[in-house]
Amino acid sequence: MATRRTPRFKECRRLGVNVCGHPKAMNRANDSAFKRTKKVSEYGKQLIEKQKVKAYYGILERQLQKYYDIASRKEGKTGENLITLLECRLDNLVYRLGFANSIRMARQLVSHRHIVLDGKIVNIPSQIVKVGQTISLAEKSQKNDQFKKCWTELNAAPLDYLERDVDNFSGKLVSKPQRASVPVEINDQMVVEYYSK
């Protein structure tokens, strides 16, 4: 299974936003060594927005192209459809609910069979979660100190399309994510323009 192994902080500085969610990721972003001197072309701007999507959701180019094809066939704005689709990935929702402190950790939690979806252990990070489905931590994993710490300290106030049951180590996707509620700094239209060429 292919995964992204790029240096996270360097990627955050290059893209100009904290895509990995680490509090120290942008500490050196304003250093003179990392400031851009050349003007970025329109294509360059589109490319950066596309790279942001890949970095935020921890996916590779081929996966993003597949998601874009699916989003373009749905009704409504393609950019919004794309973000909504990616937001419903199992590994992303594991991260958003607070089971993990990064998208990489969330992906690992799923692939190592720590996550239960509607009572069944699932080990496919890319699985799309449907509205109403419940995501929880496997019973054995609830005793792990690191998982406990993440669950109690992270995301105490979840997004409006998620619902947390703190006592039972579980959460639910209660509604379809709306683009305005998704906390990612991406210009959807530029991503669409990049792929529509």
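Helices (H or I, at least four residues) and strands (E, at least two) are DSSP runs, numbered from the N terminus. The model is a predicted one, in which local features need pLDDT of at least 70 and side-chain atom pairs count only at pLDDT 80 or more, while totals for chains, interfaces and linings use all residues. Residues are numbered from 1 along each chain as its sequence is written, and side-chain values use heavy atoms, with hydrogens and water left out.

The mean pLDDT (the predictor's confidence in each residue, from 0 to 100) of the protein chain is 86, and 85% of the residues score at least 70.

Helix α2 (residues 42–57) comprises 16 residues and spans 23 Å between its first and last C-alpha, close to the 22 Å expected at 1.5 Å a residue. Its buried residues (under 20% relative accessible area, 1.4 Å probe, protein chains only) include I48, V53, A55, Y56 and Y57. After α2 comes G58, with a positive phi near 65°.

Y57 is also listed among the residues with the most contacts inside the largest nonpolar core, a core of 50 residues. Beyond its neighbours within four places in sequence, Y57 is in contact (heavy atoms within 4.5 Å) with residues including I83, L86, I103, V182 and V184.

Strand pairing (at least two DSSP bridges between two strands) links β3 (residues 134–137) to β1 (residues 115–117) in the antiparallel sense through three bridges, with I115 opposite L137. Three bridges also connect β3 to β5 (residues 170–173), again antiparallel, and S136 has S170 as its bridge partner in β5.

How values were computed
Core = buried A, V, L, I, M, F, W, Y, C linked by side-chain atoms within 4.5 Å. Expected span 1.5 Å × (residues − 1).
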